[in-house]
Amino acid sequence: MDLACIRAARDAPPPEVPLMLDINCAWESGQDAIGFCRAVAGMNSRGWRR
């Protein structure tokens, strides 16, 4: 994941507008996935849910 790209997308609209993240990739480990979640915490992001 390119966090710089995600941060740029987050900075474009006002912060109250949720940022939709569709992360369709394989993680190397559970720790990588957790690290990503921590990195985007506080960005008012949403993920796709079933």
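Predicted model: local features only at pLDDT ≥ 70, side-chain atom pairs only at ≥ 80, totals over all residues.
The largest nonpolar core consists of six residues: Ile-6, Leu-19, Leu-21, Phe-36, Val-40 and Met-43. Two elements, strand 1 (19–21) and helix 2 (30–40), each give two or more residues to this core. Beyond its neighbours within four places in sequence, Ile-6 is in contact with Leu-19, Leu-21, Phe-36, Val-40 and Met-43, and also with Met-1.

At the start of helix 2, the backbone nitrogen of Gln-31 lies within 3.3 Å of a side-chain oxygen of Ser-29. After helix 2 comes Gly-42, which has a positive phi, near 85°.

One aromatic pair is found in a search of the whole structure. This pair is formed by Trp-27 and Phe-36, with ring centres 5.4 Å apart; the pair is classed as tilted because the planes are at 35°. Phe-36, also a member of the largest nonpolar core, has a relative accessible area of 7% and is therefore buried. Trp-27, at 34% relative accessibility, counts as partly exposed.

The disulfide count comes to zero. The closest cysteine sulfur to that of Cys-5 belongs to Cys-25 and is 13 Å away, so the two are too far apart for a bond. Cys-37 is likewise in no disulfide, and the nearest cysteine sulfur, again that of Cys-25, is 11 Å away.

Notes: Residues numbered from 1 in each chain as written. Heavy atoms only, no water. Core = buried A, V, L, I, M, F, W, Y, C linked by side-chain atoms within 4.5 Å. Buried < 20%, exposed > 50% of the residue type's maximum accessible area, 1.4 Å probe, protein only. Helix = DSSP H or I, 4+ residues; strand = E, 2+ residues; numbered from the N terminus. Contact = heavy atoms within 4.5 Å. Polar contact = N/O pair within 3.5 Å; in protein donor to acceptor, adjacent residues only side chain to side chain. Disulfide = S-S within 2.5 Å. Phe/Tyr/Trp six-rings, centres within 6.5 Å; stacked < 30°, edge-to-face > 60°.
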